[in-house]
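Subject: Structure handover

Dear colleague,

Here is the structure I said I would pass on. My notes on it follow below.

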There are 2 protein chains.
Amino acid sequence: MASRPIIFGDINGVSEGQWFKDRREMMPTSFHRIWARGIDGNRTTGASAIVLSGGYEDDEDLGDELIYTGAGGNDSNSKQQIEDQSWEHNDNAALLKSWDDGLPIRVIRGYKHKSPLSPKTGYTYAGLYGIVDTWKQSGKSGYKICRFKLQKLNNKSDYSKIDNHLDHSTKEKKRIRTTVLRVVRDSTLATSLKELYNHECQVCGTRIPTKTGFYAEGAHIKPLGRPHNGDDSLTNLICLCPNHHVMFDKGVISVRNDMSLVGAVEGVLDVNEKHQINLDNFEYHRSCHGFD
Amino acid sequence: MASRPIIFGDINGVSEGQWFKDRREMMPTSFHRIWARGIDGNRTTGASAIVLSGGYEDDEDLGDELIYTGAGGNDSNSKQQIEDQSWEHNDNAALLKSWDDGLPIRVIRGYKHKSPLSPKTGYTYAGLYGIVDTWKQSGKSGYKICRFKLQKLNNKSDYSKIDNHLDHSTKEKKRIRTTVLRVVRDSTLATSLKELYNHECQVCGTRIPTKTGFYAEGAHIKPLGRPHNGDDSLTNLICLCPNHHVMFDKGVISVRNDMSLVGAVEGVLDVNEKHQINLDNFEYHRSCHGFD
């Protein structure tokens, strides 16, 4: 392991687009400290940087959006999966920690990574990304792989680069303070769903009061967008309080076809008779989070 | 009141930057339906459009960020406040509803609005904005005014324009489905706070489990950014579960200087002895939300 501290966010002296001849050139700073490993970080602090290096056959790269495969179960010679991946693998747990804490991740593209954005030789710094979703699925190999969806933190308001002491104990050690986001997407469609449920959470019945009304969130069962491509329809939405929305999206609770809850919360999802849910969506959600 | 339905998001045939000779030209569609009123909407459905027309002396316009004054208490001749505003005013309650439901708001700049972005005559469509904060403060007049902070929905991923039936009952009536956001900003500073509290909410003690850890949110007591300009420091942060973060940011709960809760939740804020909070920040928060 590296002796340099983990730093989250941009590193002084390293700009987006910067090119490195080889992995060794990245290592004198905290930029990416670890030789021959894609993920720099640990389960306690989180992951601060990843390298896309063609090591995983299931990686996808759309530029501002990446679908990254976790670590483990991969034969270093053939680059193929030879067993299931686990969330408990240190590198995968590090990425989960970054998701939980909303930490920014430096993304680096290597010459072996199959993308027109990759350099012909060496490595380039692609900028800061945030994890927006994680799940498991069967990879091309048939083995279960851990998947991380990352989006580029484009907007200047997404993060601020300010040198700052992280806390009082780390004297003299300047860290980058980075503001990151948890984003809750909702649609006007969700409004009618929330009205149907009177803004009560379908898991716990909680109704969050506001100054002149109530607040709830529409949660998509099968996520919108690549690679899930869930529908934005009432058959794919449930009405949740923010706490259970977080737990549902993070896959620590799911719903069986008989509407009983599975995972960290016991009970039954309250479903209004006018609300028809497509059970395939729950099946998909369970499969993503190991409840199958 | 107008007979046309309220529609949220972009209107077919009206593009950002479009100019209207006068208010009457906006009214044949659902773009902005109401003569001589800034806010188009109601407390049940929300507000879909606002006009910046120089009617309120406290309005601020930074382009992509607006600080808008609510309705009421304003003398139509002198344009000055002559009494306090109330959240219960239909137009203010409509904007609160849009905040609660995360609905997009069409912003229109009029020739009387004092900004270099205003047209010399008539009105221009400035695009879609979302409400990110609301509070009360004493205006230039000394009377309490309702304030709304709006940010432009710049990012294409912030919303999608898709013609869609909102529900099965509105046959033939095409509506715009718009995806909007609730944004939770956090900083690496918040990480140390969350560790200090073991990821337990200081209001309710809830700890949200994730696959390999726990999830909590750092809530700024005095908000960051204009016009509040709160510090990003531990003296201005508390550790909350998402539910109580929503309630705190929406100002239905606050904290007295003795750490007792005020508003929709009874009890006492749990404060670790190592966590020094600046009481001025709580005082500011209470003042913003009518707990003074």
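Leaving aside its neighbours within four places in sequence, which residues is Gly41(A) in contact with? Please keep in mind while reading that this is a predicted model. The contacts of Gly41(A) beyond those neighbours are Ile6(A), Gly46(A), Ala47(A), Ser48(A), Ala94(A) and Ser98(A). Gly41(A) belongs to strand β2 (residues 39-42) of chain A. With 25 other C-beta atoms within 10 Å, Gly41(A) is buried, because the cut-off for that is 20 or more. Asp91(A) is 50 residues away from Gly41(A) along the chain, yet their C-alpha atoms are separated by 6.7 Å.

Where the two chains meet

Helix α4 (residues 242-249) of chain A meets helix α4 (residues 242-249) of chain B, and their axes come within 6 Å and cross at roughly 140°. That angle makes α4(A) oblique to α4(B). Pro242(A), Asn243(A) and Val246(A) are the residues in α4(A) that meet Pro242(B), Asn243(B) and Val246(B) in α4(B). Sorted by class, this helix contact has 4 nonpolar, 2 polar and no charged residues.

The largest nonpolar core has 49 residues. Which residues have the most contacts inside this core? They are Ala216(A), Cys239(A) and Leu240(A), together with Ala216(B), Cys239(B) and Leu240(B). The elements of chain A that give two or more residues to the core are α3 (188-196), β15, α4 and β16, and those of chain B are α3 (188-196), β15, α4 and β16.

Backbone points to check by eye

Most residues other than glycine have a negative phi, and most peptide bonds are trans. The following places depart from that pattern.

- The peptide bond from Arg226(A) to Pro227(A) is cis, with omega near -5°. Pro227(A) sits in the loop between β14 (217-220) and β15 (237-240) of chain A.
- In chain B, a cis peptide bond joins Arg226(B) and Pro227(B), and omega is about -5°. The loop that holds Pro227(B) is between β14 (217-220) and β15 (237-240) of chain B.
- Met259(A) is not a glycine, but its phi is positive, near 75°. Met259(A) lies in the loop between β16 (253-255) and β17 (261-263) of chain A. Met259(A) is partly exposed, with 15 other C-beta atoms within 10 Å.
- Met259(B) has a positive phi of about 75°. The loop between β16 (253-255) and β17 (261-263) of chain B contains Met259(B). Met259(B) is partly exposed, with 15 other C-beta atoms within 10 Å.

Regards

Terms used:
Residues numbered from 1 in each chain as written. Chains lettered and ligands numbered in written order. Predicted model: local features only at pLDDT ≥ 70, side-chain atom pairs only at ≥ 80, totals over all residues. Helix = DSSP H or I, 4+ residues; strand = E, 2+ residues; numbered from the N terminus. Buried ≥ 20, exposed ≤ 12 C-beta atoms within 10 Å, placed from the backbone. Axes fitted to C-alpha atoms, helices over the stretch in contact; angles between N-to-C directions. Parallel < 35°, antiparallel > 145°, perpendicular 65-115°, else oblique. Contact = placed C-beta atoms within 7 Å. Nonpolar A, V, L, I, M, F, W, Y, C, P; charged D, E, K, R; others polar. Core = buried A, V, L, I, M, F, W, Y, C linked by C-beta atoms within 7 Å.
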